[in-house]
Number of protein chains: 2
Amino acid sequence: MVEVGKRVIFHELLTPEEALNKVFNTVRIGPVGTEVVRIEDSYGRVLARDVYSGIDVPPFDRSTMDGFAVRAEDTFGADELNPVRLRVVGNVETGAEKLPSINPGEAVEIATGAPMPPGANAVVMVEYTKRVGDEVFIYRSVTPGENVMSAGSDIMVGELVLRKCTVIREREVGLLAAVGIREVEVFRRPRVSIISTGNELVSPGNPLGPGKIYDINTYTISHAVRSMGAEPIIMGIVRDNIDEMRDAIKRALSISDLVLLSGGTSAGLADLTYRVLDEIGPPGIIVHGLKVKPGKPTVIAVSREGKLVIGLPGYPSSALMIFNIIVKPILAKMQCMGVDETRIKARLAIRADGARGRRALYPVALVDTGHGIVAYPLPAESGAISTLAFADGYIVIPETVEYLESGDEVEVTLFTHQYVPSNLYIVGSHDIGLDVLIPMLPSFVKARVINVGSMGGLYAVKRGEADVAGIHLVDEETGQYNIPYMVKYGVNNAVLVRGYLREQGLIVPRGNPKNINGVEDLLRGDVRIVNRNKGAGTRFLLDMKLREIASKMGVSFEDLVKKINGYYYEVRTHTAVAAAVAQGKADVGIGIRAAAAMYGLDFIPLGWESYDFAIPIDRLDKESVKAFLNLLRSNEFKERLEKLPGYKVPSDIGSIVWKGS
Amino acid sequence: MVEVGKRVIFHELLTPEEALNKVFNTVRIGPVGTEVVRIEDSYGRVLARDVYSGIDVPPFDRSTMDGFAVRAEDTFGADELNPVRLRVVGNVETGAEKLPSINPGEAVEIATGAPMPPGANAVVMVEYTKRVGDEVFIYRSVTPGENVMSAGSDIMVGELVLRKCTVIREREVGLLAAVGIREVEVFRRPRVSIISTGNELVSPGNPLGPGKIYDINTYTISHAVRSMGAEPIIMGIVRDNIDEMRDAIKRALSISDLVLLSGGTSAGLADLTYRVLDEIGPPGIIVHGLKVKPGKPTVIAVSREGKLVIGLPGYPSSALMIFNIIVKPILAKMQCMGVDETRIKARLAIRADGARGRRALYPVALVDTGHGIVAYPLPAESGAISTLAFADGYIVIPETVEYLESGDEVEVTLFTHQYVPSNLYIVGSHDIGLDVLIPMLPSFVKARVINVGSMGGLYAVKRGEADVAGIHLVDEETGQYNIPYMVKYGVNNAVLVRGYLREQGLIVPRGNPKNINGVEDLLRGDVRIVNRNKGAGTRFLLDMKLREIASKMGVSFEDLVKKINGYYYEVRTHTAVAAAVAQGKADVGIGIRAAAAMYGLDFIPLGWESYDFAIPIDRLDKESVKAFLNLLRSNEFKERLEKLPGYKVPSDIGSIVWKGS
């Protein structure tokens with residue numbers, strides 16, 4: 001249901017195929033013009049005409065060997081014992097312009113690539129000859145045409161060399177050069193205007209005001225347009241204002257062949273976009289949404305002049321997927337190219353639900369486990385930029401499929417051809433020490449880091465998907481770190497490698513205005529805290545400290561936390577805790593010293609925690625894991641780590657402290 | 001053995017791995033500098049620095065839903081029957097800068113993407129609320145953090161966002177934009193000078209003198225350099241002259257980071273190249289050839305300043321393969337990139353021999369038979385440009401392998417990522433009518449034409465490799481075309497589809513100076529002929545006519561042809577026959593009228609031959625074959641064909657005239 005002005009219109013959502021058919025039936029999509037370029041500037045361009053050869057290649061009968069040009073008839077019967085003797089009447093070098101001609105009983109010395117002299121029809125390789133004065137002994141007979149490449153045998157005059165719509169790369173430019181063509185007519189690159197809409201957007205490079213975020217889609221879509229050989233025109237950000245929107249679209253239509261909008265998420269903005277896009281017609285809007293999740297807000301309009309305006313979803317990974325399925329085929333048609341996607345097969349890591357009658361698209365992260373590639377579906381409709389960072393491509397779940405099970409084979413359409421599988425998967429708790437270590441790895445190690453928290457890392461190691469998991473989990477009963485969790489969760493396929501120590505404590509504003517000295521102070525009525533999410537190692541630590549206090553006070557843990565203002569105000573990272581304190585949203589939070597240092601906040605130490613690495617036993621032989629461990633144990637890394645505030649290197653760093661069985 | 005000046009030096013050939021190790025041990029290969037670009041101009045560039053985030057993403061706690069921002073504690077226990085009632089104290093839009101704060105019992109209306117108001121820690125989706133005046137009923141409880149993306153949960157301040165040496169494409173630029181970065185430091189593209197050497201070379205676009213051919217390698221290598229993200233500098237052609245060569249290499253070294261030579265084939269040129277390359281050191285030449293076939297002439301030298309000069313083989317496909325195995329890894333290292341080759345598995349179509357102790361590289365043409373991909377090895381050491389045209393990639397046969405058998409699985413390294421498998425394989429005799437038909441095919445048909453002669457086409461159909469084979473083979477006994485060959489060679493898996501008629505005859509110079517009127521005249525002593533190769537349909541035709549004459553004259557065929565001057569002067573195409581006549585190399589030849597017309601020659605008709613199409617029965621359902629047949633039968637094609645000189649359309653064009661069983 002779409003509200004346009006006062007009308008309420010019910011529109012059917014279309015499948016991508018239906019939407020594209022509607023586009024192709026409404027307006028003629030094809031090349032937008034041609035231009036002439038020199039062949040050295042033709043890389044990746046598309047031929048606008050069939051190319052025929054104006055010459056024979058080779059242009060003359062050409063020797064393919066060093067030796068003697070002869071009349072084959074004169075050599076018949078020659079062998080090692082009965083050589084034929086011929087008179088040498090000349091010599092032909094490669095590139096020679098004047099040629100001696102030969103008569104019966106004569107030969108001409110000839111170089112590879114040199115033109116055959118008139119009268120000769122074969123070449124005897126130099127290995128089977130002996131030159132004596134102005135005579136040559138021939139020790140092997142040749143047949144007519146032997147060691148000769150005849151004129152036009154490669155390409156003939158008038159032969160079709162390259163077909164219109166061919167993309168010119170290494171080989172194609174070689175064919176053009178071979179027939180002497182220096183300039184070719186190619187299709188002009190389509191110009192594609194890109195407009196981002198939304199009041200919350202700021203262009204990168206400018207300061208962020210409160211409530212604002214950076215515009216991402218302009219740049220991801222611009223690069224996607226380039227990947228299709230088209231020319232992006234960045235129009236900038238348009239706010240939630242009909243005049244601004246109308247002007248931007250009008251300007252974009254006047255200077256480009258295709259206009260791409262990427263949507264703000266507010267309802268008002270959608271209405272406004274609809275209004276302006278209907279104005280550019282007739283026909284105006286022809287597709288009012290796709291039967292795809294995500295992709296419902298996709299809108300396609302056609303201007304009076306027959307130019308397309310396509311509105312993409314607002315979330316970057318959604319916009320990229322819809323670009324793939326809708327814009328790519330259109331840009332390909334505008335250049336007479338095929339859509340050339342790379343697909344690979346993988347097994348699903350976890351179950352992925354269908355979208356009940358809609359087609360579901362899931363961005364997926366690919367992990368090469370060593371026993372095949374596993375695809376992790378990422379949230380389809382999420383504003384998380386990390387989705388973009390981790391998604392190597394996407395999978396499609398058809399309308400009629402309820403769900404795909406973990407282990408099912410799926411086909412992944414890659415976002416770029418240039419997918420280089422990573423060979424070191426580090427999954428677990430985010431850590432600043434790891435951020436120092438990873439850039440120091442040798443270049444053959446392609447590390448991929450996925451921050452899913454300690455417990456997420458532990459499960460990934462148990463399932464054999466991660467090579468390394470960084471974990472910091474305290475056992476509330478013993479205070480011991482990590483090993484109790486390896487045991488409790490039965491991670492018997494792995495070892496625990498000693499990592500390093502991080503200082504945990506209370507993060508308070510500079511100068512500690514509320515005079516907080518310990519966890520007991522969190523119970524004070526005038527103190528509001530920021531907490532970490534459940535499952536975070538830091539949350540385990542705080543709850544352990546609170547249990548101790550509760551037990552001393554003789555109250556239940558549950559009753560105790562009810563007294564804490566902000567106990568349910570949860571954030572998911574160390575830095576988010578520090579940010580909340582820095583922005584005055586809380587008076588105190590618990591986290592690592594490095595996070596406090598980052599925001600210039602004060603820090604009240606509570607103790608040191610162990611940040612260790614769980615590694616599946618069968619990965620200890622993997623080259624990338626060995627490189628990781630060597631680096632972890634190196635003096636170079638230890639020195640860098642000790643410089644981080646609140647980090648300490650234990651003497652047994654890098655040693656195996658626990659082994660599953 | 002290499003002769004340098006007066007010294008004779010024996011050098012060991014190296015494997016590609018040994019050669020690269022020698023390079024990397026002799027000179028430090030790495031990035032050649034950096035430059036700063038705006039992110040919108042960063043497509044395909046390589047990061048020169050680790051990139052850390054200066055902000056949290058999102059920069060603030062952000063609602064992920066439209067609804068009401070609340071304190072989760074206030075909603076505990078709420079359900080359909082027991083809604084919680086909260087006071088609405090404000091409204092927050094996306095991008096809002098001023099935020100109302102909430103106290104216990106209060107809520108704020110909030111849009112997706114809008115910042116969370118202070119005091120709120122969760123969002124109730126609008127679907128579970130009912131607004132009544134300045135109050136809202138909440139019908140479902142939320143937990144702390146529900147529908148909220150907390151500040152920094154996606155990317156934290158100080159977090160490593162992208163690692164040095166990352167190639168920037170769609171996703172990477174999105175990450176840069178997300179953290180507000182507008183300019184990035186990237187590695188400068190290496191500048192690569194390209195020099196072609198050889199007296200026989202002419203730059204495309206210029207007229208070809210006698211004995212000359214066009215320079216191909218400059219352009220194929222230039223495009224290969226671009227495919228690696230580097231910047232080619234075309235230095236032009238250098239002749240077989242030491243001063244010219246020395247100047248060109250000196251100039252190239254002064255303006256570029258790497259110099260690529262591609263070699264003329266003459267022995268003198270090789271000596272000269274060696275001399276100049278040893279002068280640029282020390283160290284001078286460090287690799288004197290590769291233990292690879294082709295690739296033996298590959299030479300690598302290092303200048304005093306530590307710049308590399310690499311001499312590649314002269315034949316275009318050999319130069320491209322050696323570029324792949326030697327230059328690509330070096331260019332990759334100069335940009336801190338991986339070598340990202342696409343390999344696919346295929347079955348060998350025919351046996352391929354190893355190179356006895358050397359590694360053998362074969363360019364291969366890939367054919368998708370519908371039952372898997374088949375690789376045709378092409379001659380490794382051939383100057384044929386058609387090798388370049390047909391080679392999709394290459395296979396490697398290790399030093400220790402004697403040969404690979406037809407049907408063996410091989411791994412093909414593709415020349416470009418953008419390999420789009422063809423879906424219509426036309427193999428057989430070259431024909432000008434086909435050159436007209438192919439560009440008229442609908443765009444979904446990706447046709448590949450391989451001209452291997454009629455018999456080659458017939459075998460390809462019999463083996464099920466070709467979709468269509470164009471053949472014109474006359475039965476010497478009956479004079480009937482094509483069908484007898486389908487029977488005789490047992491091509492029972494195929495049908496024969498009627499094609500069209502081509503007029504065969506004698507091609508003579510304009511004005512017919514030797515007054516030739518028929519095949520009998522070829523026996524005259526003053527007439528020199530040009531013949532076609534054995535296996536060519538036209539050769540079959542001539543021999544049939546000659547047999548008739550021999551039988552009339554009562555002599556043997558063998559004795560008859562001995563009387564024909566030029567009977568053994570064989571060329572391989574219709575056009576080559578016409579070219580030989582046009583250039584005065586022969587007085588007469590046999591071929592089709594269209595070839596004579598192309599060269600403006602006179603034509604003495606001998607009769608009409610049938611050029612038909614053999615098609616495997618199981619391909620008649622293939623969409624591309626259906627499109628081919630529909631076009632063959634169309635009036636549009638028939639009209640175009642009838643305009644060609646010496647072509648005639650039979651009434652049953654496109655019908656099946658024979659079917660195997």
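**Close-up views of the two-chain model**

**View 1. The interface of chain A and chain B in the predicted model.** Between chain A and chain B an area of about 10,000 Å² is buried, and carbon and sulfur atoms give 59% of this area. Three residues, A:Glu170, A:Arg171 and A:His223, supply 8% of the area that chain A buries against chain B, which is more than any other three residues supply. The contact draws on 117 residues from chain A and on 117 residues from chain B.

**View 2. The relation between the two copies.** Chain A is superposed on chain B by a rotation of 180° with 0.1 Å of shift along its axis, and the RMSD of this superposition is 0.2 Å. This is the relation of a two-fold axis. Both copies use the same surface, in that 99% of the contact residues of chain A recur in chain B.

**View 3. Polar contacts and the elements that line the side of chain A.** Across the interface of chain A and chain B, 32 residue pairs are in polar contact, with both residues of a pair at pLDDT 80 or more. On the side of chain A that touches chain B, the elements that give two or more residues include the helices α3 (170-178), α4 (217-227), α8 (385-390) and α14 (574-582) of chain A. By residue class, the side of chain A that touches chain B divides into 57 nonpolar, 33 polar and 27 charged residues.

**View 4. A salt bridge that crosses between the chains.** Side chains of opposite charge can pair when their charged atoms come close. Over all chains the count comes to 67 salt bridges, and the count between chain A and chain B is six. In one salt bridge the side chains of B:Lys212 and A:Glu97 meet at 2.8 Å, N to O. This pair crosses between chains, from B:Lys212 in the loop between β16 (201-202) and β17 (213-214) of chain B to A:Glu97 in the loop between β7 (84-92) and β8 (106-110) of chain A.

**View 5. The disulfide of A:Cys165 and A:Cys336.** Two disulfides are found over all chains in a search of the whole structure. One joins A:Cys165 to A:Cys336, with an S to S distance of 1.8 Å, and the link of these two residues is right-handed, with 80° about the S-S bond. A:Cys165 lies in the loop between β13 (160-162) and α3 of chain A, whereas A:Cys336 lies in the loop between α7 (316-333) and β24 (343-348) of chain A, so the pair ties together parts that are 171 residues apart in sequence.

**View 6. Backbone geometry at selected loop positions.** Most residues other than glycine have a negative phi, and most peptide bonds are trans. The peptide bond from A:Pro282 to A:Pro283 is cis, with omega near 5°, and A:Pro283 belongs to the loop between α6 (267-279) and β20 (284-287) of chain A. In chain B, a cis peptide bond with omega of about -10° joins B:Val57 and B:Pro58, and B:Pro58 is found in the loop between β4 (51-52) and β5 (62-63) of chain B. B:Cys165, although it is not a glycine, has a positive phi of about 80°, and B:Cys165 lies in the loop between β13 (160-162) and α3 (170-178) of chain B.

Terms used:
Residues numbered from 1 in each chain as written. Chains lettered and ligands numbered in written order. Predicted model: local features only at pLDDT ≥ 70, side-chain atom pairs only at ≥ 80, totals over all residues. Heavy atoms only, no water. Least-squares fit on C-alpha atoms with pLDDT ≥ 70 in both. Contact = heavy atoms within 4.5 Å. Buried area = accessible area lost by both parts, 1.4 Å probe. Salt bridge = Lys/Arg side-chain N within 4 Å of Asp/Glu carboxyl O. Polar contact = N/O pair within 3.5 Å; in protein donor to acceptor, adjacent residues only side chain to side chain. Helix = DSSP H or I, 4+ residues; strand = E, 2+ residues; numbered from the N terminus. Nonpolar A, V, L, I, M, F, W, Y, C, P; charged D, E, K, R; others polar. Disulfide = S-S within 2.5 Å.
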